[in-house]
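Subject: Structure for your review

Dear colleague,

Please find the structure below, handed over for your own work. My notes on it follow.

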Amino acid sequence: MRVGGHFCPGVLHAVQAKDGLLLRIRVPGGLIDANQLRTIADGSLSFADGTIEITSRANLQLRAVRNQDLSHIVASISSAGLLPSPQHDRVRNIVTSPIAGLDGEEFMDPRPLIHELDRQLRAEPIFANLHPKFSFAIHGGPRRFNRDLDDIALQAVDLNSSPHLHLSIGGLSSGFMVKRSDAVECVLAVTKLCIGLASEYSVPVRAKAVVKIPDALKGIVDALSHLLTPSPVATPSHTVIEALMGVYPTTQDGRVSIIPSVPLGRLNPEQARYLADVSNEWEGDIRLAPWRGVVLGSIPKSAADNIVGHLQTIGLSCEGRDGFQGIAACAGITGCDASLADVRGDAASLAQRLLGHAVPSGWTVNLSGCDKQCARRHGATAELIAGPLGYTLNMAGSRVASDCSREFALDAVAALHENLLSEVAAQ
Ligand code: SF4
């Protein structure tokens, strides 16, 4: 086990933060089972600050772990099967749709590929030292959830009802696609080529750095010509969706997905246990979502009203009017030494101002405790960045104010929210 302050956290790589040790737990594809979630809930209550954070790559995070409790919580996480290969503790970013296999618009269910990719990554020592931010994405259809550029992404395209997957590397379309049966082999081969090129040219082992090397993308595609065929579309069309919320039909008869708001991506143990109980009782499943949320998948439609009602009472509203939708905040003053503001508290104050209102399309607000902007999502509707003299406020990509008070900033964002809703109503 390593403990330090200067590396990306894992389970065996606890990072010292202001409020204690920070641990990040890999959950490939965000696919977690009820017992695992319950174990994390128990661990959070016994050994951390009693919250479970969902990350933007659908992994989990525990904060404020005490040094003397570290070995206990690591053992607990390991016993739940969430540390299957200690060497690959931080090889963890495999993202897919949180409604994979339930989405009527999908061309294929990507989950078997997610599991196989994870298994094969863990089987090879060469991947153990992959950059902890290196991310893989496999999408089964046109619906895709907004993320920063993944290092290697496959997206299904419908080709005469025979699913193929379009390959992107470092955010660039390769112009080629791969058969489903060759998909994992292709991703692993691209990863190895990226590792080799990064070493040869002394660039970070990130695909977005590798594709900046002259002719690197062409070289990778040429090396994989036995697996790739030209794609009929250079970049497949896709619908980018920020987040889902509510009750959605699924491809399974009589079953629905229930998707609540998770304020600031943080679950408390009571909420996590209830999600686990529902999943067990109704033989559904749980998926973590890259919008830092959660999906209860494949729940009988007949049980949905009761479940939605109970979720509301424990702070997980499915109505989309709790004010938190689209709002993200970094660790803030309680969790980070660098923070110059209580951004989580200010995010909650903003949510209070927006409570009860609908959410304008694409509404995203980032609150960051310093100009490093860890919570940043590109193209946000509004950004609040704390500085020594107050907030910098950006709205719709333009600077609106510098060194302003929290009240000014929150009022301005709330006014923007109201304006956007009025514009929609006037259309
Ligand atoms: S944005 Fe700044 S204050 Fe917030 S978590 Fe990152 S480094 Fe800390």
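Which residues in α1 and α2 meet each other? On the α1 side they are T39, I40, G43 and F47, and their counterparts in α2 are H72, I73, S76 and I77. Please bear in mind throughout that this is a predicted model.

The geometry of this helix pair is as follows. Helix α1 covers residues 34–47 and helix α2 covers residues 70–79; their axes come within 10 Å and cross at roughly 175°. Because angles over 145 degrees count as roughly antiparallel, α1 is described as roughly antiparallel to α2. By class, the residues of this contact comprise 4 nonpolar and 4 polar, with no charged residue.

As to the overall division, the protein chain is split into domain 1 (2–90 + 244–313), domain 2 (100–240) and domain 3 (327–426). Between the C-alpha centres of domain 2 and domain 3 the separation is 34 Å.

Is S279 buried or exposed? Its relative accessibility is 6%, so S279 counts as buried. Apart from neighbours within four places in sequence, the contacts of S279 are A34, G284, D285, I286 and L296.

- L264 has a phi near 55°, a positive value in a residue other than glycine. L264 sits in the loop between β16 (255–259) and β17 (266–267). With a relative accessible area of 11%, L264 is buried.
- E283 likewise is not a glycine, yet has a positive phi of about 55°. The position of E283 is in the loop between α7 and β18 (285–289). Here the relative accessibility is 66%, so E283 counts as exposed.

With kind regards

Methods
Residues are numbered from 1 along each chain as its sequence is written. This is a predicted model: local features need pLDDT of at least 70, side-chain atom pairs count only at pLDDT 80 or more; totals for chains, interfaces and linings use all residues. Side-chain values use heavy atoms; hydrogens and water are left out. Domain bounds come from an automatic or database domain assignment. Axes are lines fitted to C-alpha atoms, for helices over the stretch in contact, and angles run from 0 to 180 degrees between N-to-C directions. Helices (H or I, at least four residues) and strands (E, at least two) are DSSP runs, numbered from the N terminus. Angles under 35 degrees count as roughly parallel, over 145 as roughly antiparallel, 65 to 115 as roughly perpendicular and the rest as oblique. Contact means heavy atoms within 4.5 Å. Ala, Val, Leu, Ile, Met, Phe, Trp, Tyr, Cys and Pro count as nonpolar, Asp, Glu, Lys and Arg as charged, and the others, Gly among them, as polar. Buried means under 20% relative accessible area, exposed over 50%, partly exposed in between (1.4 Å probe, protein chains only).
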